[in-house]
Amino acid sequence: FKQSLRMKVMHVMHHVLRPNAAARRAFAAIACDSVKVPKAWYNIQADLKVPLPPPLHPGELRPCLPDDFAPLFPMSLIQQEISTERYIDIPEPVREVLELWRPSPLFRASRWEKALKLPQDVKIFYKYEGGSPSGSHKTNTAVAQIFYNKEAGTKKVTTETGAGQWGSALAFSGAQFDLPVEVYQVKVSYEQKPYLKAFIETC
């Protein structure tokens with residue numbers, strides 16, 4: 001098992017730590033200042049050799065068209081989903097909220113490298129996303145989704161949450177842009193996690 005995991009990690013690290021030239025330029029262009037939130041999201045679709053297949057319509061099993069998503073998402077989010085532009089500007093109000101906890105710290109997993117007996121030139125890093133108000137990475141996308149819904153005139157957002165992280169992220173984001181969020185949580189999680197319950201209800 002350990003040998004198999006080691007091979008998989010080395011394969012992933014090869015592609016992550018040695019991206020193609022276009023990807024390196026893309027990351028460099030938006031990482032102008034290592035201590036600030038970037039001004040644009042990098043869209044990997046622009047550098048894929050083979051485009052990702054479109055999602056299938058659940059009822060008709062055909063490739064979805066932008067209008068198929070309209071009942072669920074504002075058009076601004078749909079356009080991002082299908083975009084092949086390399087950079088997508090981050091709205092300033094979104095950046096202001098993200099700057100409350102981002103950039104998130106990057107740590108090196110040196111003990112994992114040692115356990116896997118990786119070569120000296122292969123390093124494993126991970127980002128710690130527990131510093132966000134919800135305690136997970138999910139707030140990073142929740143903030144943007146709430147912003148675009150508010151801009152589109154959405155009156156209320158309704159969502160489900162299992163363990164509570166997504167519900168917490170969306171509730172917090174809704175509070176930042178004065179957009180009501182209604183959260184339905186799995187009962188056992190709701191009863192076992194009073195702090196997340198309080199966080200969601202407070203937001």
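Predicted model: local features only at pLDDT ≥ 70, side-chain atom pairs only at ≥ 80, totals over all residues.
Residues are numbered from 1 along each chain as its sequence is written, and side-chain values use heavy atoms, with hydrogens and water left out.

Most residues other than glycine have a negative phi, and most peptide bonds are trans. Against that background, Arg102 and Pro103 are joined by a cis peptide bond with omega of about 5°, and Pro103 lies in the loop between α4 (92-98) and β3 (106-108); helices (H or I, at least four residues) and strands (E, at least two) are DSSP runs, numbered from the N terminus.

Leu61, in the loop between β1 (40-42) and α3 (75-82), has a positive phi near 55°, and this residue counts as exposed at 62% relative accessibility, where exposed means over 50% relative accessible area (1.4 Å probe, protein chains only). Lys117 likewise has a positive phi near 55°; Lys117 is placed in the loop between α5 (110-116) and β4 (125-127) and is exposed, with a relative accessible area of 64%.

Turning to the helices, α3 packs with α6 (residues 138-151) at an angle of about 130°, their axes 8 Å apart, the axes being lines fitted to C-alpha atoms over the stretch in contact and the angles running from 0 to 180 degrees between N-to-C directions. Ser76, Leu77 and Gln80 in α3 meet Gln145, Tyr148 and Asn149 in α6, contact meaning heavy atoms within 4.5 Å.

Conventions. Buried < 20%, exposed > 50% of the residue type's maximum accessible area, 1.4 Å probe, protein only.
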